[in-house]
Amino acid sequence: MSAMSLKAYDHIQGYLADRHQTTINQEDLNAILRLSQHLRIFGLLSAVGYINQQNAQGGQVRERTVPAWKSLLIQQLGLNPDFTQRALMDHVIELQRNQPAQYLAQWRQAMVMSKHWNFWARACAND
């Protein structure tokens with residue numbers, strides 16, 4: 001098993017601990033699968049922008065998506081778990097503006113990691 005897969009397993013377990021759950025439910029699984037699609041199509045900045053949105057796009061999908069995306073991306077970027085949504089956004093904006101090579105590397109790593117998140121989320125699902 002690769003180190004990246006083990007790291008992804010730790011991220012999924014970290015998410016479960018944050019949510020006080022022992023298994024991934026179907027809504028969490030959908031959110032995690034959706035994150036990999038979003039990263040591939042729209043990028044890392046867009047993903048953290050979605051997390052940080054403070055507008056009328058509330059609702060059930062957003063309520064179940066934001067906690068999973070925030071937890072996994074904060075863990076992937078190696079940030080403090082207490083980072084606010086705004087601080088996460090500011091961090092990624094700073095990377096994109098001032099360290100574009102680092103930003104692209106982080107985006108690529110997140111896309112690669114998302115495959116492992118998907119695997120472990122399915123493995124930890126309660127179906």
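A word on conventions first. This is a predicted model, in which local features need pLDDT of at least 70 and side-chain atom pairs count only at pLDDT 80 or more, whereas totals for chains, interfaces and linings use all residues. Residues are numbered from 1 along each chain as its sequence is written, and side-chain values use heavy atoms, with hydrogens and water left out.

Let me start with helix 4. Helices here are DSSP runs of H or I with at least four residues, and strands are E runs of at least two, numbered from the N terminus. Helix 4 covers residues 60-77. It has 18 residues and reaches 26 Å from its first C-alpha to its last, close to the 26 Å expected at 1.5 Å a residue; the expected span is 1.5 Å times one less than the number of residues. Just after helix 4, G78 takes a positive phi of about 70°.

Which residues of helix 4 are buried? Among them are R62, R64, W69, L72, L73 and Q76. Buried means under 20% relative accessible area, exposed over 50%, and partly exposed in between, with a 1.4 Å probe and protein chains only. The cover over the buried residues of helix 4 includes helix 1, helix 2, helix 3, helix 5 and helix 6.

R64 counts as buried because its relative accessibility is 18%. Leaving aside neighbours within four places in sequence, R64 is in contact, meaning heavy atoms within 4.5 Å, with E27, A31 and R34. Q76 is buried because its relative accessible area is 6%. Not counting residues up to four places away in sequence, Q76 touches K7, H11, Q106, Q109, A110, M113 and W117.

W117 brings us to the largest nonpolar core, which has 38 residues, with I12 and W117 touching the most other members. Helix 1, helix 2, helix 3, helix 4, helix 5 and helix 6 each give two or more residues to this core, and helix 4 gives the most, with 7 residues. Such a core is a set of buried Ala, Val, Leu, Ile, Met, Phe, Trp, Tyr and Cys residues joined through side-chain atoms within 4.5 Å. Beyond four places in sequence, I12 touches I24, I32, L72, W117, W120, A121 and C124.

Now the largest pocket. A pocket is an open set of points on a 1 Å grid over the protein atoms alone, where a 1.4 Å probe fits, with protein on both sides within 12 Å along at least five of seven lines; lining residues have an atom within 4 Å of a point. About 260 Å³ of space lies in the largest pocket. Its lining includes Y15, D18, R19, K70 and I74. Helix 4 supplies the largest share of that lining, 6 residues.

S36, in helix 2, counts as buried because its relative accessibility is 9%. H20, in the loop between helix 1 and helix 2, has a positive phi of about 55° although it is not a glycine. H20 counts as exposed because its relative accessibility is 76%.

How values were computed
Grid points are joined across faces, edges and corners, and a volume is the space filled by probe spheres set on the points.
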